[in-house]
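My notes follow in the order I took them.

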Amino acid sequence: MIPLSLGAIAEIVGGTVAGERSVTVTAPAVLDGRQAEPGGLFVAFAGDHVDGHDYAGQAGRAGAVAVLGSRPTPLPTVVVEDARAALQALAVHVVGRLRDGLTVLALTGSQGKTGTKDLLAAILAGAGPTTATIGTLNNGLGVPLTMLRADEATRFLVLEMGARNVGDIAELTALVAPDIAVVLNVGQAHIGEFGSRAAIARTKGELVRGLAPGGIAVLNADDPRVLAMRSLTEGPVLTFGRTARATVRALDPTLDHLGRPTFTLRTSAASVPVTLSVPGAHQALNAAAATAAALAAGVPLTMATTALATASLSRWRMELRDLAGGARLLNDSYNANPDSTRAGLDALAAIEGKRHIAVLGEMLELGDASEAEHRAVGAYAAARADVVVAVGDGARPVADGAGERAVPLADNDATIHWLRGHLAAGDVVLVKASRGARLDLVAAALA
């Protein structure tokens, strides 16, 4: 965050100051007062059940010096009618001040956004100071929060952009037009909200339409819906994938005993071997996407591949750890859809172990296809795991699809109890579900 006084912030967002106007914000903005840093700004929202303004004192004790909200608080406060609009306006102002020295890269896709964003951020960090989305803060609040973390030293700003409705990504690109737009795939995530893959494709295409003048699109050559988005821009297009037509190709992936891929990244100029430190064959394609975006940003291929070797992912994303007693946990519990769950199951099967146990919860926002998709995932799991634990009523069709390998359990507590009684040395267990299922609590109990 660039330093700004409350008086200046009020002028930027069209608010008034309750308290000392000269107080200066020097640290990032947060929505959770517990995460405030010294010199930070706490953004308060009055919800149906919780009023963030009541937590201004907590934010102050954590280090926040001011609040942006809709009413005065014990801290100096910029008071506005619409805190969301004010947060976005402030972010637009800050990035606008920094724009001349900043390359903005934005990513979207039905799956793989966070993993690819993490790999790309690791590459760019070797080329210059990089600010990137933390976790999956990829909506109309999360994107401006990330934008506000940029400062005068930032050279690369990496923004993950998600959507649940047509127009969501267009709203985000209206805040900041990316210099480089990466579209990973068009899958089934949130299809219950969108209604069709065609609507999802139109929404993902909003990222390409929102490019800054002369901006570069980075598209998945293996996904026809994504590759067709090249018609949405008159600017340069780079591609990634396995097909021979891709600018950056991920070739010949093999997996070690922990499911970590080794593969070749090939461009027209060079071929470089890469070994990732995270499990999953699908990470090779994510690495190709990240590399293509980095090349678009001017990063040399060798710098990109060197960074990939040690890159890590966000919390609860393909986290592999040893458990007491000799079992292994593959914690991919942050979110799930049918495609990402299949990728997680493939990763589970690739990890060396005596038994493979898939703990699967409900995949949300699948609409009318929900039961059929859960049943299909159950059948897929049964082909790759020795035991398929289906957690909760929403995952009951997973158990139906898994047949004799299924262990249906009522809830997280029952799952924790079952795992503690059945896990043995040499077992490998995958934990995967949509965020709302909170299977991260199951993973935490095991760890």
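I began with helix α12, residues 338-350, in this predicted model. I counted 13 residues in α12. From first C-alpha to last, α12 reaches 19 Å. That is close to the 18 Å expected at 1.5 Å a residue.

Next I checked how α12 starts. A side-chain oxygen of Asn 337 comes to within 3.0 Å of the backbone nitrogen of Asp 339.

Which residues of α12 are buried? I listed Pro 338, Ser 340, Thr 341, Ala 343, Gly 344, Leu 345, Ala 347 and Leu 348. I took buried to mean under 20% relative accessible area.

Then I stepped back to the whole protein chain. I noted 16 helices and 22 strands. Along the principal axes, the C-alpha atoms fill a box of roughly 65 × 55 × 40 Å.

I looked up burial for the chain as well. Buried residues make up 56% of the 447. The protein chain exposes about 17500 Å². Carbon and sulfur atoms supply 49% of that area.

Last, I checked contacts. Among contacts in the protein chain with a separation of 6 or more, 62% join residues 24 or more positions apart.

Notes. Residues are numbered from 1 along each chain as its sequence is written. This is a predicted model: local features need pLDDT of at least 70, side-chain atom pairs count only at pLDDT 80 or more; totals for chains, interfaces and linings use all residues. Side-chain values use heavy atoms; hydrogens and water are left out. Helices (H or I, at least four residues) and strands (E, at least two) are DSSP runs, numbered from the N terminus. The expected span of a helix is 1.5 Å times one less than its number of residues. Buried means under 20% relative accessible area, exposed over 50%, partly exposed in between (1.4 Å probe, protein chains only). A polar contact is a pair of N or O atoms within 3.5 Å; within protein, one must be able to donate a hydrogen and the other to accept it, and residues adjacent in sequence count only if both atoms are side-chain atoms. Contact means heavy atoms within 4.5 Å. Accessible areas come from the Shrake-Rupley method with a 1.4 Å probe; for residues, only the protein chains shown count as cover.
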